[in-house]
Every structure is written in structure tokens, then in C-alpha cells.
Amino acid sequence: MNRIVNAFNKAKYDNRICFIPFCEFGYPSLERFSEIVDIICRYGDIVEIGIPFSDPIADGPIIQKASDIAIRNGANLSKAFEWLYKFRKNDDFTPIVFMLYYNLVHYIGVKEFFRIAKDIGLDGVIIPDLPIEESDNVYPYRDSVSIIWLASVTTSDVRLKKIVEKSDSFIYCVSVKGVTGPRDEVSKDGLDLIRRIKNISHIPTALGFGLKSKEQIRSLVGIVDGVIVGSEIIRIIEDSSDSELEIYLKELKSATSML
Amino acid sequence: MYNLPDGRGYFGEYGGRFVPETLMEPLLQLEEAYNKVKDDEDFWQSFNKLLRDYVGRPTPLYYANRLSERLGFKVYLKREDLCHTGAHKINNCIGQALLAKRMGKSRIIAETGAGQHGVATATVASLLGLRCTIYMGEEDMIRQKMNVFRMKLLGAEVIPVSSGNRTLKEAINSALRDWVTNIDDTHYLIGSVIGPHPYPMMVRDFQSVIGREAKRQILDIEKKLPDYIVACVGGGSNSIGIFYPFLEDDVKLIGVEGGGLGLETKKHAASISNSQIGVLHGCRMYLMQEEWGNIMNTYSISAGLDYPGVGPEHSYLKDIGRVRYEYATDDVALKGFEELSKSEGIIPALESAHAVGYLFVSDIPKGSIVIVNLSGRGDKDLDIVMREMKYE
């Protein structure tokens, strides 16, 4: 958790917002994934890693497909933990967050999940199918691992308050009604959600679902504390070379600066 | 007194609301709307009127004379196969569609496995003037092509789902993704006692008309309650519908899951008999999984039972020992299918044939009184049975 908090503080100090790129564990292959994470770590302030699941109901077609391919490659939570354990031997500073559906946590047991996560240096988890009403299932067991709650454009002020109260690193703001996937514009409702959170709390906010371009990110600087880009990165990994991925990440990263 | 689910939508440790954040507000609105109509006489009057005039309720409780003679105990069939559209599914569709209208929704979406729930939803949509989209696995569309045509004829759009096993589980994933995108004008009409709270409660309430009628009817005929009630269990809507009004009575309740090619082959859909617990489609329940928590691809000859989970209330009733859960393999179901057709002139749905077939392998004592919920009729399954039984 501390690594995440530090990342937001450092970005603020540098007059930037946090850049949070996403990639899928085991995609496009287990070996290539490790190489891609190394590239992504050069630009990401925090790196979000999706753990593949057979039924990703919050995801659009791009991440669904990546998740299916990753499962076929033999990727699973156990291997993701192994990967992180090795990764931490060389990189003790990049904040790593896992995005995974609740059944994967439930399967190994919530206590066991957080015990391993803490031991190997996982900083946070995003569980897209676990709303605040179900927080009792996980909250008491989290220890130093941050649970990053999601808030959506449909979240009422009453529930937003509960989400803010349980948040300790940042809030993942879902900018649209819908599933993950690139969209052309940043929704007004998304901006309104950020404002509603800012009105009641100083907790950092990061906007996700639908972001893909440097123009979108530039328009969010000064409004939100972080931006999450997922599907578009997966699309580029599928279609393009490492150097093109690097150019893309570099562009997005530079768009996060206030200067 | 049995009074579940609790305020958070739990039946013991099963149920809950495990959904993306965007769906929480529509679920809370749905719960509120449903709680409001619970005591609204107008609502139940419209519901009951449609059940009577449109669905054809009450459905008969029929004494199966020749079948009883063969088995040595008295078998009564609750004839849900005589409902309009050929299965019990429509009871719940009428209830939810009336509620959706009250909530000002103009579009309903649904998943379907065998196609019975899709047909019932499309039917009710056309009855009430709602737009309708049905998600159906590509594999199921091949297995049940007549039902696909029926839905289209009724004015619904049928969207093929090509991910995963291309069956019911994937159709629900797609319907949930549609709902999260279109929550303003759309109601998701879930067809079974699964999904996030309030669905398992609401669908049970709408389906429990089956058990209330059956209770009245058996008391009329036999002047006492039955010894056993037997029903097939996929997600579990027809079974909970007939069990629920008997939960506090001295009646043995037996749910029959889809045993596929046998439990040892792993090609089956008997979630409770399989004993694993997990979370999918919004609720915690008995759920068939692979190592590390991916959901297992299930198999049953009957598309309507081909689902890896079972409703949270069933999961609870299993744990407290109130309902006994057994399974019938494809072969046992086919025997039930044939026996009922030949001895009573009633061709059952393959789902219901699991309950009928179970009677032939059960330990039900001679002389007992047994009610079987005949949840649907078999027209939709003739192709499959023809192939399986090598009829010419």
C-alpha cells in the first residue's frame, strides 16, 4: 500500500498525475508478459495486472480475449504470485496491483490470499465484482494490502461516502456505464463523479474504463489524480511491436504532466 | 419460522451481491421496487389475472395411473408443461415484466439455455409491448433451433454468444454486460433463482405459485400432504417454486441435478453433488470449478440443466439438510422421457425427464404419495432424443 501512496505523492510533487497502465498476466504468452511488464514499468507510476478468469463480466471484448488466451497459456493466480515473487527480487519500488474477479480470491481463501499477497509484496487489489456491500468478506483480512474500491457514474452519494471511508490508497473511478474498452471521449458523468469525490474527501482518484489517447489524458490533468489505460494497451500488444508500445506509453506518460 | 434471505440477500452463507459497481444502484432500485409491490394488491391482481387468463393457471395436478402402477407408489404430476409457452418459466417472466413496466423500463433482456426462458421472455415482452433482446449460446442455438425461431417470430432479437462453452453461463455473462451498459431503460429478466439479490428471492416468489397450487390440489384429492416432492434442478427455479410452500411441512423434498455421463467422468452439471462452493454471476453458491477458480464447463443432455452453479437458496437448503439433492444421468433421464411418453401420453422436457427418470432408480417406498414437478413439455427436445435413441 505504501508504494501506491508514495506514487501519488511523487506524481503530485512532480506536477503530474499518476499513469496506471494495465496488462494481462500470461498475455500474449507467459514469457512475453514478463518482457512487456518490464517495458510498462519504465512508464507506469503504478502497474495494474489483470489475472485471467473464465467469466470476466466487467470486461469488454479486448480484455475478454486476452484473458481467454492467457488461460490457454496456463496462466493462473498461483503463477502470477510466482511471477511477482521473482519480480520483486529486482524491483522493490514499482507499485503492483492485481485486478482479479472475486472467485479467484475465494477459491484459495481470502485469508490465504492476503497472507501470500503481503508476503510477496503485492501492493493492492482491484476486485471488479465486489461492491462495498460485500466488503466484510475481505476488508478484515487485507493487512497492508490495499483494497482499491470502485466507484461508478451510477454510484449514489450515500454509497460514495461508504466507499470513501473504506479506501486507503485511491479510488478507481469507472467513467462510463458499461464494460472496459476504448472510447473516444471522456464522459461528463465521469468528471462529475470525480468532483463528487473531491467534495467529500482528499483520497486520490484514478479514472478508468474507456481511456486511450494522450488528448483524453491531457484533458484530465488537474482534475483527477491518476489515469488507468487498459484495453488499448492490450490491443497494441496484439497488433504492434515492442517499440510501438514503448512510443505509445511514452506519449501517454508525457500527457500526464501539468507543464 | 423460515424467513430468508436476510436484508443483505443471504441465505445462510450463500447469495449476496457480487456485481460490478455500476450495477449496484439498479439492483438497489429493483429491490426497492419489488419490496414496494410485495404488499400492493393491484400488482398481485394483475399478476394473478395474467396467470389465469394468459398462462392458463392453475395447472392440473394429474394422477399418473399407469406410471404409479409400474412404480408401486402414487405419482402426481404438476403439469407446468401445460403453461402457455410450454414450461413454468413464464410465471416468473410475467412477474418481472410487470415490475419492469412499473419501474418505467422499455426494454427487457434475458439469457436462455434451452430456449424456454427466452421464449417466455419474448412472449411476455410482446404481450406488454416491451423491446426484447435474448442472449443465447451458439451451441444452444444449434441444439434448440426451433426455440430460436419462436423468439424471432415473437419479435425478439436473439444474439448468439460465441465465448467459452457457448452455453447458458456465457449467455448470462453477455446479458450482464448488456445490462451494465443500458441500465437506464433496460431490465434484466433473470430466468432462474440465481444472480445477485434480489433475483433469487424474487424469482422464487413468482414461481412459488406452483407449490401453493399443488398444496391445495393434493389436499383436495388426498386429504393429506404428499410424502415426497421431486423436481429437477438446474439453476433451480421450478424446484424452489414447488418446494418453497412445503418447506415447513413434513414432506420430503428431492432435487434432481443433471448427472450427464456420470459424476466420475466430470461431464455433468450436478453442482451440489460436486460439493465445491464459489462465486459467479452475482452470488455465492455451490459452483463447479477448475483448479485455481476458473469455472468448469459443464455438460448435460438437457440445455436447461447445463449450468455450473445452483441457486443460493438451494445451497442453503442442502446444508441444513431440508432438501435432498440427487442426480440423474442422461441415460436415466432418457428412460424417464420414454416411460412417461409411453405410459401416460405425456412427452416431458428433458429437464423434467430427469425428475421422472429418478423415480425409477430412487429408494422411495411402496405406497408413498409423490408429486413430480413436470416443469416443461418435450417438443423442443425431439431432435435430441431422436438422435440419442437412434429412432428412425
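Author: At 21% relative accessibility, D249(B) counts as partly exposed, a class lying between buried (under 20% relative accessible area) and exposed (over 50%), with a 1.4 Å probe and protein chains only. This is a predicted model, in which local features need pLDDT of at least 70, side-chain atom pairs count only at pLDDT 80 or more, and totals for chains, interfaces and linings use all residues. Residues are numbered from 1 along each chain as its sequence is written, chains are lettered from A and ligands numbered from 1 in the order in which they are written, and side-chain values use heavy atoms, without hydrogens and water.

Reader: With which residue does D249(B) form a salt bridge?

Author: A salt bridge is a side-chain nitrogen of Lys or Arg within 4 Å of a carboxyl oxygen of Asp or Glu. The partner of D249(B) is K215(B), with the closest N and O atoms 2.6 Å apart. K215(B) is partly exposed, at 22%.

Reader: Which residue pairs with R3(A)?

Author: R3(A) forms a salt bridge with D123(A), their closest N and O atoms being 2.6 Å apart. R3(A) is partly exposed at 21% relative accessibility, whereas D123(A) is buried at 2%.

Reader: How many residues has the largest nonpolar core?

Author: In soluble globular proteins, nonpolar side chains tend to be buried together. A nonpolar core is a set of buried Ala, Val, Leu, Ile, Met, Phe, Trp, Tyr and Cys residues joined through side-chain atoms within 4.5 Å. Here the largest has 196 residues, and F113(A) is among those with the most contacts inside it.
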